[in-house]
Amino acid sequence: QVQLAESGGGLVQSGGSLRLSCAASGSILTIHTMAWYRQAPGKERELVASIDRGGVTNYADSVKSRFTISRDDAWKTVSLQMNSLKPEDTAVYYCNSDIRDSRRLRLENYWGQGTQVTVSS
């Protein structure tokens, strides 16, 4: 059973910083793309940033130059450093990853349970 667990959310003032982390655990053979999504109240879930196995990153236009995604394959983690936060960044942030299970050998997509980020003005 593969699981993703996020940590690091919270309340921060506008202009502040937060760092989110996500750890993958379970019967993992390989971890492929890792990503962060977010969902604000009344809005659809959107991609914030992603990073593939080669370290190639992709960011939503709204967070470019403010957020940085990174991964540590040895620790099976992905992090999101969020700087210059704005009230519109308020959302539940979800970790997402394509992982090949070591028992079933299938590449499947997994989600974490989400962590709340609230930016006050």
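How many salt bridges does the structure hold? The structure, a predicted model, holds seven salt bridges.

**View 1. An open sheet of four strands.** The strands follow the order E1-E3-E8-E7, and their pairing is antiparallel. Strand E1 (3–7) and strand E7 (67–72) each have a single partner strand and stand at the edges, so one side of each lacks a neighbour in the sheet. On average, neighbouring strands of this sheet are turned by 15° against each other, direction ignored.

**View 2. The pairing of E7 with strand E8.** Strand E8 covers residues 77–82 and pairs with E7 in the antiparallel sense over six bridges. Thr68 stands opposite Gln81 in E8. Strands of a sheet pair through backbone hydrogen bonds.

**View 3. A network of salt bridges.** The network links Arg38, Glu46, Arg66 and Asp89. Within the pair formed by Arg38 and Glu46, the closest N and O atoms are 2.7 Å apart. Arg38 counts as buried because its relative accessibility is 6%, under the 20% limit. Glu46, at 35% relative accessibility, counts as partly exposed.

**View 4. The salt bridge of Asp73 and Arg71.** The two side chains meet at 2.9 Å, N to O. Arg71 has 17% relative accessibility and counts as buried, whereas Asp73 has 45% and counts as partly exposed.

**View 5. The salt bridge of Arg106 and Glu108.** Here the side chains meet at 2.8 Å, N to O. Arg106 counts as partly exposed, with a relative accessibility of 45%.

Note on methods: Residues are numbered from 1 along each chain as its sequence is written. This is a predicted model: local features need pLDDT of at least 70, side-chain atom pairs count only at pLDDT 80 or more; totals for chains, interfaces and linings use all residues. Side-chain values use heavy atoms; hydrogens and water are left out. Two strands pair if DSSP finds at least two bridges between them. Helices (H or I, at least four residues) and strands (E, at least two) are DSSP runs, numbered from the N terminus. Axes are lines fitted to C-alpha atoms, for helices over the stretch in contact, and angles run from 0 to 180 degrees between N-to-C directions. A salt bridge is a side-chain nitrogen of Lys or Arg within 4 Å of a carboxyl oxygen of Asp or Glu. Buried means under 20% relative accessible area, exposed over 50%, partly exposed in between (1.4 Å probe, protein chains only).
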